[in-house]
Amino acid sequence: MKVYVSVDMEGVSGLTDPDDMRPGGGGYALGQELMTGDANAAVGGAFEAGAAEVLVNDSHYKARNLRLDLIDPRCRVIRGRNRPLRMGQGLDGSFAAALLVGYHSRAGADTCGVLSHTWMGREVENIWLNGRLVGEIGIVAALAGSLEVPVALVTGDEAVCEEARLLLKDAETVAVKRGLDRFSAELVPPEAAQGQIHAGSVRALKSLDRMEPWTVGEPVTLGVEWNSTTLASTCALMPRIEQAGPRHVEYVAETMTDAVQVLGVMSLLAAQLAADSGPYG
């Protein structure tokens, strides 16, 4: 059995603040250790459940966050930016399951999500796949589903676990914190949280017979609502991307893989435009 693990950072046990998420931040070194600890908990559970091979994708920011000196030596790791499939890099149909560790709820969700956003920190307001509003778990789950791979486990705060349960009926969820506000939470201490992630990983992979891949169907209409008209109008200059509203663009992709790749290109463009926009950005 091959198992795929995509590890984000905002939903990692013990982390609550943007300062924990980026190189140079006062909490980042600890954040790296805690992210690696949560990843190791899922990896360890996968091997206990019978995995022969585990691939871990560092899915946060520039994908240079996991502490390679602390990572479980039995797994392989994808690291580094400019990966065409971003949070789903390395995923293919040979995997029995995907585990999403350290994930967070989508931008604009009604529930109190710690460090909530979708795909980018502030530039994206909403993303739709074939008319369904999704966050990052939806995007990665749809990519996995298009490859006939079920998402078996989601870990993060209570808000993302609720989001996962609405989308992925049979997936295991492990909540490691409860949001009090976007930048504060009631935490399960990391050692206990990692024990719960390990156990959740084992349960999930021993229950694969009841889990189905989640799909949105192909072709895929990718809709993105940006936080400014400039981002939308500039993205719409690219072939086959249509402006569907002042801040809304749409792209019809033949496959979910194509949709994720185009979303990645648009986000690179948006990041550059936002960086150049100064105090009005």
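Q: A salt bridge is a side-chain nitrogen of Lys or Arg within 4 Å of a carboxyl oxygen of Asp or Glu; how many does the structure hold?
A: The structure holds eight. This is a predicted model, where local features need pLDDT of at least 70 and side-chain atom pairs count only at pLDDT 80 or more, while totals for chains, interfaces and linings use all residues. Residues are numbered from 1 along each chain as its sequence is written, and side-chain values use heavy atoms, leaving out hydrogens and water.

Q: What makes the pair Asp-72 and Arg-74 a salt bridge?
A: The closest N and O atoms of Asp-72 and Arg-74 are 2.8 Å apart, and the cut-off is 4 Å, so the pair qualifies.

Q: Are Asp-72 and Arg-74 buried, partly exposed or exposed?
A: Buried means under 20% relative accessible area, exposed over 50%, and partly exposed in between (1.4 Å probe, protein chains only). Asp-72 has 11% and is therefore buried, whereas Arg-74, at 48%, counts as partly exposed.

Q: Which parts of the chain does the salt bridge of Arg-210 and Glu-172 tie together?
A: The two side chains meet at 3.6 Å, N to O. Arg-210 lies in the loop between α4 (190-205) and β10 (220-226) and Glu-172 in strand β8 (residues 172-181), so the bridge links parts that are 38 residues apart in sequence. Arg-210 is partly exposed at 36%, while Glu-172 is buried at 15%.

Q: How do you know that Arg-178 and Glu-186 form a salt bridge, and why does Arg-178 count as partly exposed?
A: Their side chains meet at 2.7 Å, N to O. Arg-178 has 34% relative accessibility, so it counts as partly exposed, and Glu-186, with 47%, is partly exposed too. Elsewhere, salt bridges that share partners join Glu-33, Arg-67 and Asp-69 into one network.

Q: Why is Ser-267 called buried?
A: Its relative accessibility is 5%, so Ser-267 counts as buried. Ser-267 sits in helix α6 (residues 256-275); helices (H or I, at least four residues) and strands (E, at least two) are DSSP runs, numbered from the N terminus. Leaving aside residues up to four places away in sequence, Ser-267 touches Arg-86, Trp-119, Met-120 and Trp-226, where contact means heavy atoms within 4.5 Å.

Q: What covers the buried residues of α6?
A: The buried residues of α6 include Met-256, Val-260, Leu-263 and Ala-270. Their cover includes β5 (124-129), α2 (136-146), β10, α5 (229-235), β11 (241-245) and β12 (248-253).

Q: How does the reach of α1 compare with the expected span?
A: Helix α1 (residues 28-48) has 21 residues and reaches 30 Å from its first C-alpha to its last, close to the expected 30 Å. The expected span is 1.5 Å times one less than the number of residues. In α1, 16 of the 21 residues are buried, and just after the helix Gly-50 takes a positive phi of about 115 degrees.

Q: Why are α1 and α4 described as roughly parallel?
A: They pack at an angle of about 30 degrees, with axes 7 Å apart. Angles under 35 degrees count as roughly parallel, over 145 as roughly antiparallel, 65 to 115 as roughly perpendicular and the rest as oblique. The two helices are therefore roughly parallel to each other. Residues making the contact include Leu-34, Gly-37 and Ala-41 of α1 and Gln-194, Ile-197 and Ser-201 of α4. Axes are lines fitted to C-alpha atoms, for helices over the stretch in contact, with angles from 0 to 180 degrees between N-to-C directions.
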